[in-house]
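Hi,

Here is the structure I promised to pass on to you.

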Amino acid sequence: MSSGPPSTSQAVRGPTSAVPAIRMVDIEKSFGAIMANRGASLEVMPGEIHALVGENGAGKSTLMRILGGLMKPDTGRVEVNGRDVTGWSTNDAIASGIGIVHQHFMLVPTLSVAENLVLGCEPKTQGVVLDYKRAADDVRKLSNETGLVIEPERLVSDLSVGEAQRVEILKVLFRGARILVLDEPTAVLSPPEVRELWAVLRRLRDKGDTIVLITHRLDEVVQLSDTITVMRAGQTVARIKTSETTPAEIARLMVGREVSLSAGKRVQPVARPSDLRPDQGLDVRNLGITGSHGVRVVDGVTFKVSPGEILGIAGVEGNGQTELIEALAGLRTVAGGEMLIDGVEITRRSVAQRHDAGLSHIPEDRHRRGLILEYTIANNLILGVQKYFSKNGIIDRARVMENALEEIASFDIRPPNPLLVARVLSGGNQQKVVVAREMGRSFSVLLASQPTRGVDVGAIEFIHQQLLDARAQGKAILLVSAELNEVLALSDRIAVMYRGKFAVVMPAAEASEEVLGEYMIGTKKGNAA
Amino acid sequence: MTASSAAVAPKTISSAPWRERAEEALIPPLVALLVALICGDLLILSYGQSPATVYRLLLEGTWGNAYGFGQVLYKATTLAFTGLAVSFGLRAGLFNIGAESQLAAGGFAAALTGLALPMGTPLILALPVCMIAAGLAGGAVGSVPAYLKTRFGAHEVIVTIMLNFIVLALLNWFIAGHLHVPETLHTPEIHAGVLPRLADIDSRFHGSAANLALIVAALVAVAVWFYLFRSRGGYDLRAVGLQPQAAEYGGISVGRVWMRALTFSGVIAGMGGINYVLGYKHYYEDGFASGAGFLGIAVALVGRNHPFGVLIAAFFFATLSQGGLAIHAFVPKQMMDVLQGVVILAVAMAVPEVRRVLRGARRRVDA
């Protein structure tokens, strides 16, 4: 196994070491009105582990699809090992040694590991019958060389998630890939599986392979990569040596958009109403949620949000925030624990019953959950409260329209036409429709998840002001945001979520980007409440 | 439109999006029709006939005389019911392929009820009772895929297709084994619930099967429209069809909506059975549905899932079907089946394609 690198790797590394393995310049790619890449670039040297980081929707996956030949760029240039390959096909890409390991496994569950690996290039005896033994031997040999241990005879349907991923990696190596792209490889893995994967990737690098790791987990980036490319909003914003940067800097580059409500400007404590009962607000006790692969995505989280308080949850995305909010909103079943609103137990209640108990929810994804894009603004403004706008089962259209005109005026939704379908509005105005609906009615607890994502600066300020006004009126607000600035500027207390747990809960006055950053990447563990 | 021009709202709320939507609803089917006409020309020419002559005959045989027109209306009535049924399911995002057996079950129930009612029951009483029976039977068939989908996640397309075989075979067994008039495959004539024919009102329609069920179909279309676009249930149902996750977020129980949508889809299809049983033959005959349930899928698609669009599409498909008989002397009537197929394919392909072009053109105009 360690008898020295194969000769091919010498050929790649020796004479061409000055030529980047991948060089993508000024890539632009749009889908209709959406620009997924606008001047993205990437330069990866042979034999390095290169981390490509950025928030969801920053354009990482699009860039890699272009590299893999699944898409053609609108403009820009793609070079692999110094050769211009712009607009090539997937077959060209595979033949040139590019191997993409997708986030979602693409394996045939009813076939064995070996059969999956040789699919499409099966060894045959007499050119007809599948030479099963040779396939299995080839796989075992490769498996031993790389340390990706797996029995070739096992059925893919019997494998664990971590094992299935090993097969995916073996599959691209089997096709002769020397440049590996791994898209969010640890999203579904447990910590020991992650460590194992790291070891394999390091071994492959030392053998001379080039690895691009797409991720938004900063701890992985810092632990593993040699070089980092940061993308934001379709553009490449930085290319740095891992040894010359800090997690805080990476985090800032990833999420750091200039927001007018910048860090440093902090909310002042408000006088709480004196007649509070102790059980008012949101009370969450030992909440546990099991994810789709049996992983504990939220693991024993306990917290309270009092009236007139904003509790901000910071953290790198994918550490359980989405699941936590969905469980609170009634969109996801919990494995254990309790949730109470104003002292009323809601753990097993339906979404509609939670509404009635005083819960409002600004969901993180307005296109998927928050709006029905083909419905008019007026109809969207009653989603979730439609029963209050109907009599004997008939929608009271006059009141729907009246309500729409009112909300459009007070939340400044443009254009102010209640009959427009939500699809045609800008992102900021779509979000205002959601905010108007959720905050325009009476509620006592608000879940605000990524409330300003993909929203222009003006709307951000407006939405922030709405949140602060609600706080002043004595609402309990749970704010989840990937924007550290936002969390810092709005919250009374800040919790950092890491791997399904609250790593720390601290008063906002004691928090700063640096302090939170360390908890976010898990290098520091605190008073997990 | 710009923000400044819209700032004069609410008094001058722009109707532009409505016009756009109307265009997007109407133009694609018309383009599809054009494509079908061209294909029809080629087919007719391949038989050595003149398209002009054949189309003239087709129009004369359908809209050109009262009898033919009456037959078109009769056929359109059943198609309207099945088309409405399929479109109701589609509005909730569900594909009901079972209208065929639901229609048959409805007709069977209507006939049994008509037989059970005492002779001379007034129509005002007999019609609702028979319709309820027909609706219940259709709804019962429709509720099976609904339950299996909500409870076990079984795909409604598979279940409804398979259920067609089961239900039609069961009905065949009932008729052939127990209820038929000797030497036939139909029940005795019903005692009550016979619907007046159009010919009773205007003798020019003499001989055609068009009957009062036509009015019932139109009323059902209005009811479906009202439910979909004016009621809370319709708001929920369309929300589930458009974006199930957003509906769930809005406190709508997706499973309950599925249950309701498929069951009522079955009810509507079942009620279609009255057209044949109460309006035309006055008995249930094995196999009377003869594809009207399946054609309802095409009617719903061409009618763009809008109740009134479905009525128009039902009329159109009925015309093609009746027209096939009128031109039989010149070209085989199966040509109309081919044309129906072409229309369906053309709509399926033209709708997204033409829409894309329309939207593109609009963007260019705006820019």
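For chain B the average pLDDT is 88, and 91% of its residues score at least 70. The stretch to watch is residues 1-15 of chain B, where the pLDDT is below 50. Beyond near neighbours in sequence, that stretch has 17 contacts in the model. Where pLDDT is low, the predicted coordinates should not be read in detail.

Chain B first. Its secondary structure consists of 16 helices and zero strands. The radius of gyration of chain B is 22 Å, close to the 21 Å that the globule rule gives for 367 residues, so chain B is as compact as a globular protein of that length. Its C-alpha trace spans about 75 × 60 × 40 Å along the principal axes. Of the 367 residues in chain B, 50% count as buried. If you take the contacts in chain B between residues at least 6 apart in sequence, 78% of them join residues at least 24 apart.

Now to where the chains meet. The contact takes 29 residues from chain A and 23 residues from chain B. On the chain B side, the elements that give two or more residues are α1 (3-6), α10 (232-242) and α11 (244-249) of chain B. The largest share of that side comes from α10(B), with five residues. By class, the chain B side has 13 nonpolar, seven polar and three charged residues. One caution: α1(B) covers residues 3-6, and the pLDDT is below 50 over residues 1-15 of chain B.

In chain A, there is an open sheet of six strands with mixed pairing, in the order β6-β9-β10-β3-β11-β12. Its edge strands are β6 (98-101) and β12 (235-241) of chain A, each of which pairs on one side only. Direction ignored, neighbouring strands of this sheet are turned by 15 degrees against each other on average. Within the sheet, β3(A) (residues 49-53) and β11(A) (residues 227-232) run parallel and are joined by four bridges. One pair to look at there is L52(A), whose bridge partner in β11(A) is T229(A).

Helix α2(A) (residues 60-67) lies across β3, β6, β9, β10 and β11 of chain A, and runs at about 150 degrees to β9(A). Helix α6(A) (residues 161-174) lies across β6 and β9 of chain A, at about 165 degrees to β6(A).

The other part of chain A I would show you is strand β23(A), residues 493-498. Six of its six residues are buried, so the strand is largely enclosed by the rest of the structure. R493(A), A495(A) and M497(A) point one way from the strand, while I494(A), V496(A) and Y498(A) point the other way. What does β23(A) pair with? Strand β15(A) (residues 309-314) runs parallel to β23(A), with four bridges between them, and G312(A) stands opposite I494(A). Strand β24(A) (residues 501-507) pairs with β23(A) in the antiparallel sense over six bridges, and here Y498(A) stands opposite K501(A). β23(A) and β24(A) form a hairpin with two residues between them, and R499(A) in the turn has a positive phi of about 50 degrees.

Best wishes

Technical notes: Residues are numbered from 1 along each chain as its sequence is written. Chains are lettered from A and ligands numbered from 1 in the order in which they are written. This is a predicted model: local features need pLDDT of at least 70, side-chain atom pairs count only at pLDDT 80 or more; totals for chains, interfaces and linings use all residues. pLDDT is the predictor's confidence in each residue, from 0 to 100. Two residues are in contact if their C-beta atoms, placed from the backbone, lie within 7 Å. A residue is buried if 20 or more other C-beta atoms lie within 10 Å of its own, exposed if 12 or fewer, and partly exposed in between; C-beta atoms are placed from the backbone. Two strands pair if DSSP finds at least two bridges between them. The radius of gyration is taken over C-alpha atoms; the globule rule is 2.2 Å times the number of residues to the power 0.38. Axes are lines fitted to C-alpha atoms, for helices over the stretch in contact, and angles run from 0 to 180 degrees between N-to-C directions. Ala, Val, Leu, Ile, Met, Phe, Trp, Tyr, Cys and Pro count as nonpolar, Asp, Glu, Lys and Arg as charged, and the others, Gly among them, as polar.
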